[in-house]
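My plan is to look things up one at a time and jot down what turns up.

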Amino acid sequence: MPPVRDPGRPAGAPSRPLATALAAGTVLLDGGLSNQLEAQGCDLSDDLWSARLLADGPEQIEAAHTAYVRAGAQVLITASYQASFEGFRQRGIGRAEAAGLFARSVELARRAAGAVDRDVWVAASVGPYGAVTADGAEYRGRYGLTIRELERFHRPRIEALAAAGPDVLALETVPDIDEAQALLRVAGECGLPVWLSYTVAGGRTRAGQRLEEAFGLAAGEEHVMAAGVNCCDPTDVDGAVRPAAEVTGKPVVVYPNSGERWDAQEREWAGGATFDAGLVRAWQDAGARLVGGCCRVGPATIAELAALLREGGTTPEPGGAENAW
């Protein structure tokens, strides 16, 4: 007999907090949203990137989320990474309509989560200021803005996303400590759990800061449920997981790129893919509990990760369903 959904729980809503699931085992994130949208035939050449489809093709975003859910993902990251009120305004979209698009990003992920009868959490993506400039600045950091100015930029985005009711905020692809401080301060006002995820290279943040100092910002912050790295080369993960675990004392989040390199000037990926799903074992041993992929990591690789986690018996009980997969 198929599992019966709790009638008091809305479709797509998980039965428990993500932090509770992390305490029980490893939880699987989705992969790169942009590459799946491109695989579906979407043109992402606009400066708004995938966020453009919140207005022009929401059904494509829901389909991409659904592909990851069916591959085994337990957390869906919304299409709001490159969304901003400023960017929408340049497209002639007013503030009220833009707020609705932020909310839509959460709603689309929640609907896709309802495609399966197991716990799937929705993480609202809060990308860095550098993502909105659409010039690769998230891989450099140090924008020339003060922490206060970064707070003013991020506050309306975070407020709009929090109002839509995600399960967690993903403060992701953060290139430097100044922006991390701004994001953590503003996110602490919204009452939602967050994870903080830096983009790193060579054992340091993209801006060149020591990882111990960077992760130290998350230590003792009750609203931070996990800290780690994303949007980096898979070879940079090993040197980041242990300091993240040791400095913060929290579960570590890890979701690197495929290993290809983004050429911001040519607006294309270069090099070969080096992502190996088998690396998840070493990541887990070092403290990773929230794992997945970022750019150019698609549903097939997430399905590989799901199989490995299932074989290792390290995933939490599904919560409200007989079969997590």
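Predicted model: local features only at pLDDT ≥ 70, side-chain atom pairs only at ≥ 80, totals over all residues.

Is Glu 151 buried or exposed? I looked up its relative accessible area and found 5%, so Glu 151 is buried, given that the cut-off for buried is under 20%.

**Entry: the partner of Glu 151**

Next I checked what the side chain of Glu 151 pairs with, and found a salt bridge to Arg 185 at 2.6 Å, N to O. Arg 185 belongs to helix H9 and Glu 151 to helix H8, so this pair ties together parts that are 34 residues apart in sequence. I then followed shared partners and got one network of salt bridges that joins Glu 151, Arg 155, Arg 185 and Glu 189. For Arg 185 I noted a relative accessible area of 42%, which means partly exposed.

Arg 142 sits in the loop between helix H7 (129–132) and helix H8 (147–163), while Asp 178 is in helix H9 (residues 177–187), so the pair ties together parts that are 36 residues apart in sequence. Both ends are partly exposed: Arg 142 has a relative accessible area of 48%, and Asp 178 has 24%.

**Entry: Arg 140 and Asp 135**

I also looked at Arg 140, and its side chain forms a salt bridge with Asp 135 at 3.8 Å, N to O. This pair still counts, because the cut-off is within 4 Å. Arg 140 is partly exposed at 46% relative accessible area, and Asp 135 is partly exposed at 37%. A reminder to myself: side chains of opposite charge can pair when their charged atoms come close. How many salt bridges does the structure hold? My tally came back as eleven.

**Entry: H4 against H6**

I turned to helix packing and picked helix H4 (residues 58–71) and helix H6 (residues 95–113). Their axes are 8 Å apart and the packing angle is about 40°. That makes H4 oblique to H6, since angles under 35 degrees would count as roughly parallel. The crossing of the two helices is right-handed. I listed the residues that meet there: Pro 58, Ile 61, Glu 62, His 65, Thr 66 and Val 69 come from H4, and they face Arg 104, Leu 108, Ala 109, Arg 111, Ala 112 and Ala 113 from H6.

**Entry: Ser 34**

Where is Ser 34? I found it in helix H2 (residues 33–39). Ser 34 counts as buried, at 8% relative accessibility. Leaving out residues up to four places away in sequence, I found that Ser 34 touches Leu 44 and Trp 49.

**Entry: the whole chain**

Last, I stepped back to the totals. The protein chain has 13 helices and twelve strands. Of its 325 residues, 58% are buried. The chain exposes about 12,600 Å², and carbon and sulfur atoms supply 46% of that area. I also looked at contacts between residues at least 6 apart in sequence, and 78% of these join residues at least 24 apart.

Conventions
Residues numbered from 1 in each chain as written. Heavy atoms only, no water. Buried < 20%, exposed > 50% of the residue type's maximum accessible area, 1.4 Å probe, protein only. Helix = DSSP H or I, 4+ residues; strand = E, 2+ residues; numbered from the N terminus. Contact = heavy atoms within 4.5 Å. Areas by Shrake-Rupley, 256 points an atom, 1.4 Å probe, with all protein chains shown as cover. Axes fitted to C-alpha atoms, helices over the stretch in contact; angles between N-to-C directions. Parallel < 35°, antiparallel > 145°, perpendicular 65-115°, else oblique. Left-handed = near helix turned anticlockwise from the far one by under 90°.
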